[in-house]
Amino acid sequence: MPVVDVRLNALSESFPNIHLNEIIEKIPYIGLDIEGLDENNGIIRVEFNPNRPDYSTENGIIRALKGLFEKEVGLPIVNDIEESGYVVCIDETVDNVRPIICAFAARRKDPLNEHEISQLISMQEDLHNGVGRKRKKSSIGIHDLDHIVFPLLYTTFPKHFSFVPLDRENEFTIDNILNHLDVGKKYGHILQNSDKFPILIDSQKNVLSFPPIINGHLTKIKLNTNSLLIEVTSINEKSAHDILSILSFELYDMGFKIYSLDITSHSGESIKTPVLKQSKMIVSDGYINKILGLNLSNGELIKCLERSRCSARILENGDMECYFPRYRVDIFNPVDISEEIAIGYGIYRFDASSSSNPSLYFSGKKHVSSLIFNSIREVLMGLGFIEIINTNIISKNVIDDFFIRVDNTDLVSIEGSKSSEFEILRNSIIPSIMVTLSKNIHEKYPQKLFEIGKTFKVHQSELKEEWSLGVVIAHNNTNYSEIKSVLESLMKYCFNKNITTPRHNFDYYLNGHSAKILFNENDVGNIGEVYPQVIENFKLRTLVSVFQINLNSLMDLLDLKKIRYL
Amino acid sequence: MGINANDEERDRELSSANLAKESIASLHPIEKNILSILYYHKGKWITDNELTKESNLSIDQIRRGIEWLKFKNFIAVEDGIEFEISLKESLLKNDNFLLPERKLVNCVKEGKSDIVDIIKSEAFKNNSKEVYSAIKFCKNNKWIDFKNNRISLLPGIEHLSNEEKFIDKLIRIGSSILSKLDESEISSFEILKKRPNFIDVKKINNKKYIISDLGVSFFKELSSRTELQRKLTAEHLIDGKWRDLEFEQIDVEAPLPLLAYGKKNPLIDFIDEVKEILIGMGFSEIDGNFAQSSFWNFDALFIPQDHSARDMQDTFYLKTIKNIDSPLPKDDVIKNVSSIHEQNWNYTWNIEESKPYVLRTHTTPVTIQYLAKEKPEQDKTFLVGRVFRNEKASFKHLVEFNQIEGIFTSKDANLRQLMGIQTEFYAKMGIKKIKFWPTFFPYTEPSLQSMIYNDKFDKWIELFGMGILRPEVTVPLGIKNPVLAWGGGFERLAMIRFNLDDIRELYYNNLAWLKGIPKCLL
C-alpha cells in the first residue's frame, strides 16, 4: 500500500484545540494505517488504501480528519473557479493513441516550497500507480504556467520528432527516449501499438509533455514557481476527470486559485475543466440502518455523512439523496454510502460485543473429508507416526530425485517462476517426505512419518488436484513387510477393509519389493522399499519403506455417504 | 518425669523400628549388595576399588547405592587420600626377578667367592655398583661375611628377607595400599622405595566406607527375613507363590526416558481446535480446490482485470505442457459478471483474462462458488485452507500459508452482527481486547479490520479482515441476502501459539520441534 508522510505540526496547526495523541489515535478510524511515527523529523507515516486516492497527500488526510473532529463538515468545495480563457485543442490523430486530455491552471502569490513540491511529486506517483494503472490508463503532467504560450495543441508526432525532455540538456527523438531513457523503457510498452506518439505542445511549438512517458524540460516546476498548469491525459474519460478533480482539491487546499481551461475537440465541441460538480446517489429509506445494524434518525444519518465530508437530504418519499465530492471515485453503490455513514458515526461507537452475534441458530459440522482425514490421522498416530506438512510448490529437482528414469512431463508448473525452489506443483507426496527425512538425519531412528496433502497432475487435458496420503518408515531394518503391515493395519483399523497388493515394479522401488495397492480391484496407490539410488539422491544413510494412497480415489470407493453413527 | 523419659525412649525405639521397617521395604538391590559386603567387613574401612571388585557393580551404581545408604545412616563415608604401591613395570616383565643380594648369594653358591669374579659374572655383567649394593644388603640380612675381597655365606641365606617377602606379595596381588601394610611390610617398603627402579607409588583419592551400628543391626534383621523378590513374575502369579513372597521396593522416583510417540502436526492440530470453535458457533466446513480459474479468484470478486493483484509478480499462474484453461461457469454468469465490471470499472472485460488457472490467492473463490451454487437464504460456513502468494519468503511471510474464512448470510445480516461474530470468536480463543478499524477490500463494503491485543507481546496485532460482500459480487451470482465475510492468515495465530520468531519453522518439519510441542497449551 502507498505511504504518505504527514507532518505532525501540520496536524497540530489544523486542530489547535485537540491533543496530538488524540488526533493520531483517530487516524485509523478514517481507514488509514499508521506505518510509523518518526518523532525526530516530526512526521507520521501513513498508509492509504488504493480506493482513496484523495488520501495521497497530507491535505487530503487533514480534509477527512476535519470532518471526523467536526472542524469542517459536509462537502468540501473549491470556491471561485475563474475561467482562464486558455484553450487546449485536441487533434484527431490522438484518437487511436490516448484520446483524452483535461487540464486546469492554478495561481497563488507564494511560490511552492520544498515540502509542497515533494508532496505533489509523491501524489503524482501514487496516482500514476493506483487509479492511473501504472500510467496506462491515465497520467499527469505538472508544468510551470509562466513558460507556456497558449493555445495548446494535443497532437501526435512520428518517432523521429525530437525535443528536450525533463532534466536533460539536449534534444532526444521519441525513438531515443523510448529506447534509451529509463522511463521510456519502463512505460514505452503502453504506446507500443502506434507509430504516432502523443505530444502536448504550445503555440510556440514547445513541448510540454510526451504522455505518458515524460514532460518537456522547458516547463519544469522549481522552487520559485507559483503558477501551474496541470494536465491529465488518458484512455478513459472518467478516469481523467477523476484524477483532475483530486488534483484540483489538493492545489486549492495548498492555497492556489483554480482557473478552468477550455478543452476543444477536433469536432469543435468544447468543455471546461476541471469538472468538480458533486456526485449524487439515492439511498432508499431504511437501507443504511439495516445494513449497519444501527437505529439512527434521518438527522443523525445526515450528520454522520457530513462528518465523512459528504452530505444528504431526505426526499419526500423518505429516501435519502446523498452528495459526495467528485474525487470520491470509490463511491458507486449505496453500500459505499453506508460505509461513509459508519465511519462518520465512528466505528468505535458500534456495539461490537458478543451480544451483537446473530442469534439465528445453525448446527455446524465438519466437512466429510476432514472427518475421514482425522480418522486416518488417529490410526496412524496410534501406530506411532508423526504428521508432517510440506508445501505444494516444490523444486523440480526433488521430483527428479525420486522419480528416477522417468520423464516427468505431466507436471503442473508455475508460470515465470522466480526461484528453483518454487517451480512446480508436486505430483506425489513422497518426494517431499524424503526431503523431510534428509533434513532430520541427526534425529533418532526409527523415523515414522506421514503427510496428507494435495497432489497435482495433468490427466486427459484436465488439471487434476487430489488429496493424497504418504506414509514413510526409515531405519536400518525396515522392509516391505513392515510397511505393508502398517498399510493393512490402517485399512483394517480405520475402515475394516482389506486391500490387495499385486506385484508391480516401479523404478523408484527395489525390484521385487514393491506392489500396487488395490482396493475393490481399483488402483489406489503403491507400496515398496525405496530404491537405493533414490535413497542416495536424498543423502540418506538408512533404509526407507513407503506407501502412498490417492485419498480421492479411496474416498470415492468407500462411498462416504454410508458413514453413520448407528 | 520418669514416665516421660520412658516415653521418649519408647518413641525413639518406635521410630527407629519404623525406619528400619521402611528401609527394608525400600532397599534397592544395589544397596543390598553394597551393605552385605560392608557387613562382611564390618569394623574395617572398605575402599571404592575393593567394593567394585567384590560387588561387580559399576562405579556409577556404587556411587548411587552409597548415597542412598549414607542417607539412611547405614554406613559412614570418609574421603581417603591413599598411596598405592606397586612394582615397576620393568620388574614385572622379568619372570625370574631377583633382588641383587639374592643374585649375589646365588653367585657365591656357584663357587665364585672373589669379588672380581662376581663383578664379571653373567648375573652382574660388570655392574660393580650393583655388586657393592648387594654386598651391603647381604650384610644387613646377615647372609654373608666379607673379608679380603672374598665372600663366604652364612646360614641365614635360607630365609627370605623381608624385602623379598614384600616383593613376592606385590607380584601376587599386583598392588597394595600403604595404610593396609603391617609394620615389617612398611619398613620393607621404606627400604625398597629408597632403592631405584623397584617400586612405584601413586597417590589416589579412594573413598572408603564402613558399616554403621545401625547398618549392622539392620542387615542382621534383613538377613533373617524371607528373601525379597526383585519383581513379580507370571510364574509367581500362576503357581500362587506370590502369597509367600515379599517384593523389593523399586526406585519409583528416578526419571525415565521419554517414549517415541505418534502425533498430529501441531499446526493441523491447532487448526482443528479452531475448527471446533467455529463448529460450536454453528459454522459448517466447506472445501474447494487450490487451483482456481482467474474468473473465480478475481473476476467474480469484482477485482478489475487491470488490477495489480492480478500481476504475475503477486499471483502464481499455472502452466502445463498442453495449455489447459480452467472451466468457466455458465454464459449467463459470465455475462452478469462482465457487465458489472464494465459498468463500474469503465473498461472492456476480456474473457481470455479470466481463463488462466491460478493458485488461489485467498480462500474466497471457494466460498463464492459455494454461495453461487447453493444460493442459501441463510447460512454459516467456514473453511481453512492453503493459499498462495508470489512473495519472497521471510521470517514473517510464507509463499504458501493457511487462510481461515467464514461467512454468515441471512435476510437481516448487518455490519454490527459481523463485529459481534468476531468478538464471540475471539472470546472463545481467549482474546478479550479487540478493536475494529475501517479498511478496504475490493469485494466487501463496508470493510473492517480487527486488531487484537496480545499480552505476551504487549501490543496490538492486526488479525482478520472482514466486510459485507459487495452487491457487485453477490447480485450477478444470484445471491440475494447480504453476506458477512471475514478471514485472514492462520499462521499468524500459530506464531503466537507456538512462540515462533520465524514463520517458516512451521513447515520445516524439524522432528525435534514437532515432538517438543505439547498437545495442550497451558
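Modeller: A definition comes first: two strands pair if DSSP finds at least two bridges between them. Please keep in mind that this is a predicted model.

Colleague: Understood. How many bridges join β16(B) to β20(B)?

Modeller: Strand β16 of chain B, residues 400-409, is joined to β20(B) by 7 bridges, so by that definition the two are paired. They run antiparallel. Within β20(B), B:L484 is the residue opposite B:F408.

Colleague: And which way does β19(B) pair with β20(B)?

Modeller: Strand β19 of chain B, residues 459-469, pairs with β20(B) in the antiparallel sense, over 4 bridges. In β20(B), B:W486 stands opposite B:M466, and B:L484 is the bridge partner of B:I468.

Colleague: Is β20(B) mostly covered or mostly uncovered?

Modeller: It is mostly covered: of the 7 residues in strand β20 of chain B (483-489), 6 are buried.

Colleague: What is the strand order of the whole sheet?

Modeller: The sheet in chain B is open and has 7 strands, in the order β11-β15-β16-β20-β19-β18-β17, and its pairing is mixed.

Colleague: Which strands stand at the edges?

Modeller: They are β11 (284-285) and β17 (434-441) of chain B. Each has a single partner strand, so one side of each lacks a neighbour in the sheet.

Colleague: Changing topic: which residues have the most contacts inside the largest nonpolar core?

Modeller: A:V471 and A:V472 do, in a core of 83 residues. Strand β24 of chain A, residues 462-474, gives the most to this core, namely 6 residues.

Colleague: What is A:V472 in contact with?

Modeller: Neighbours within four places in sequence aside, A:V472 is in contact with A:I433, A:L437, A:L449, A:V544 and A:V546. Another core lies apart from the largest one; it has 73 residues, including A:L301, B:A300, B:I340 and B:L448.

Colleague: Now the domains. How is chain A divided?

Modeller: Chain A has domain 1 (3-68), domain 2 (82-273), domain 3 (279-348) and domain 4 (368-562). Taken over C-alpha atoms, the centres of domain 3 and domain 4 of chain A are separated by 57 Å.

Colleague: And what does the domain assignment of chain B give?

Modeller: For chain B the assignment gives domain 1 (16-80 + 207-225), domain 2 (86-204) and domain 3 (267-516). The C-alpha centres of domain 1 and domain 2 of chain B lie 43 Å apart.

Terms used. Residues numbered from 1 in each chain as written. Chains lettered and ligands numbered in written order. Predicted model: local features only at pLDDT ≥ 70, side-chain atom pairs only at ≥ 80, totals over all residues. Buried ≥ 20, exposed ≤ 12 C-beta atoms within 10 Å, placed from the backbone. Domains from an automatic or database assignment. Core = buried A, V, L, I, M, F, W, Y, C linked by C-beta atoms within 7 Å. Contact = placed C-beta atoms within 7 Å.
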